[in-house]
Amino acid sequence: MLFERPNSGERAILVHLNLNSEDEREDADEFVQLVTSAGGDPVAFITGQRQHPDPRSFVGSGKLAEIRQALQDHDGELVLFNHALSPSQERNIEGELQCRVLDRTGLILDIFAQRARTHEGKLQVELAQLEHMSTRLIRGWTHLERQKGGIGLRGPGETQLETDRRLLRARIKSIQSRLSKVRRQRDQARRARQRADIPAVSLVGYTNAGKSTLFNVLTESKVYAADQLFATLDPTLRRIQVDDVGPVVLADTVGFIRHLPHKLVEAFRATLEEATLADLLVHVVDCADPERSDNVRQVKNVLEEIGADSIPVLEVYNKTDLLGTTPRIERNEHGEVIRVWLSAQRQQGLGLLGDALAEILSGDIVEPELVLNASDGRLRARLYQLNAIQSEQLDEAGRFHLKLRLPSVDWQRFLAAESLSEASLNIQHSSDEMSPTRR
């Protein structure tokens, strides 16, 4: 079974090489976090330096002997590589060490399998696992690679390996079909939100940056949040109220990581669409992380890969309490909000984030002052529905003096829906005090 795991942590030998041929090296500290997040127990960390990976065993014969010795010394159960191994390299290393070997992609897939909670999430993980496994089937069936003749051995003309591959292809096709149905349901819900003109905001960022903690504070939800990599896998959507904007759909998405396997990007296409189709991306950054700048760059790379690099971004530098930094808003030379510093854990600076969201999502704000007659109750009720009325006073003639505040786009939409023009309205500061008239 794909999701079966031992009850206790497995003793793992970790292998990390610095390769001169790598454009962007993997992070050794992050690798340890990945292993512990998967439930592994790192008992030895083997490092080395190579110009290029060995085509047969990735690490070379000398390093293989060192790994074999570490397995014996620490009674290790598996070997984990902080690199992507080819199927042949993985098979050759397992043959030499006589134990299970897992590369970085397989490790991340295992973490995702543990975190998947919804039906869609489990389907996406299984799809990625099956596609990853399809190139590695042969190692489990080497004794059945060839067809054999003879009495009792003549079969349907298909080896066990071919049977498995055929069943694997059928399962992958079935999962892809079910995920397509989920994607259509998501599209239908998204179109309904768009018809209602409800803005969509997606939280994105490097894994363990504090997205779920911030999401829980803003929405008063109880999404699983923990100090571990990929604590969140399934996207969660909630409505929040933003001043001058009204209802906004906030989405908590899966965290990104450097060199995110392409199989995962493709399998989680439906999930990542929440980011690609958002009106605003809130990029949550762990400001206390020494690798902060590199993590920001990695997130931008993933956003570019999924086609979300053209969406407006608001950076949120979280965990200011760890730096002793005061929550604040940063603006560019044009006075536009570009960054908010806050602490979601301590709930400090959340009001600043609300102000920033309102400023970005609402656009231009208008503050007209209207005078409505008692007969214009329907218009007054509509303005209350828009949450546009800041104050009102009733004069001796029974007229309502309203002070409004709302986004310019909502104001123009209100005028169009009611077949009104600004010239026809009874603006308080104008001399014309007649009731609103139809165009």
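A: Happy to. Let's begin with a term: contact means heavy atoms within 4.5 Å. Keep in mind that this is a predicted model.

Q: Which residues of α4 and α5 meet?

A: On the α4 side they are T105, G106, L109, F112 and A113, and they meet V125, A128, Q129 and H132 in α5. Sorted by class, this contact has five nonpolar, four polar and no charged residues.

Q: How do I describe two packed helices?

A: The general idea is to give the angle between their axes and the distance between the axes. Here, helix α4 covers residues 104–115 and helix α5 covers residues 119–133; their axes come within 10 Å and cross at roughly 155°. Angles over 145 degrees count as roughly antiparallel, so α4 is roughly antiparallel to α5. The crossing of α4 and α5 is left-handed.

Q: What about α2 and α3: at what angle do their axes cross?

A: Roughly 50°, with the axes of helix α2 (residues 61–74) and helix α3 (residues 87–97) coming within 10 Å. That angle makes α2 oblique to α3. As for handedness, the crossing of α2 and α3 is right-handed.

Q: Which residues make the contact between α2 and α3?

A: From α2 you have L64, I67, R68 and L71, and from α3 you have I93, E96 and L97. By class, the contact of α2 with α3 holds five nonpolar, no polar and two charged residues.

Q: Is Q98 buried or exposed?

A: Exposed: its relative accessible area is 66%, and the cut-off for exposed is over 50%.

Q: How many disulfides does the structure hold?

A: First the idea: a disulfide is a covalent bond between the sulfur atoms of two cysteines. In this case, the structure holds zero disulfides.

Q: Are C99 and C287 buried or exposed?

A: Buried means under 20% relative accessible area. C99, at 15% relative accessibility, therefore counts as buried. C287 is buried as well, with a relative accessible area of 4%.

Definitions and conventions. Residues are numbered from 1 along each chain as its sequence is written. This is a predicted model: local features need pLDDT of at least 70, side-chain atom pairs count only at pLDDT 80 or more; totals for chains, interfaces and linings use all residues. Side-chain values use heavy atoms; hydrogens and water are left out. Axes are lines fitted to C-alpha atoms, for helices over the stretch in contact, and angles run from 0 to 180 degrees between N-to-C directions. Helices (H or I, at least four residues) and strands (E, at least two) are DSSP runs, numbered from the N terminus. Angles under 35 degrees count as roughly parallel, over 145 as roughly antiparallel, 65 to 115 as roughly perpendicular and the rest as oblique. A crossing is left-handed if the near helix is turned anticlockwise from the far one by less than a right angle, and right-handed if clockwise. Ala, Val, Leu, Ile, Met, Phe, Trp, Tyr, Cys and Pro count as nonpolar, Asp, Glu, Lys and Arg as charged, and the others, Gly among them, as polar. A disulfide is a pair of cysteine sulfur atoms within 2.5 Å. Buried means under 20% relative accessible area, exposed over 50%, partly exposed in between (1.4 Å probe, protein chains only).
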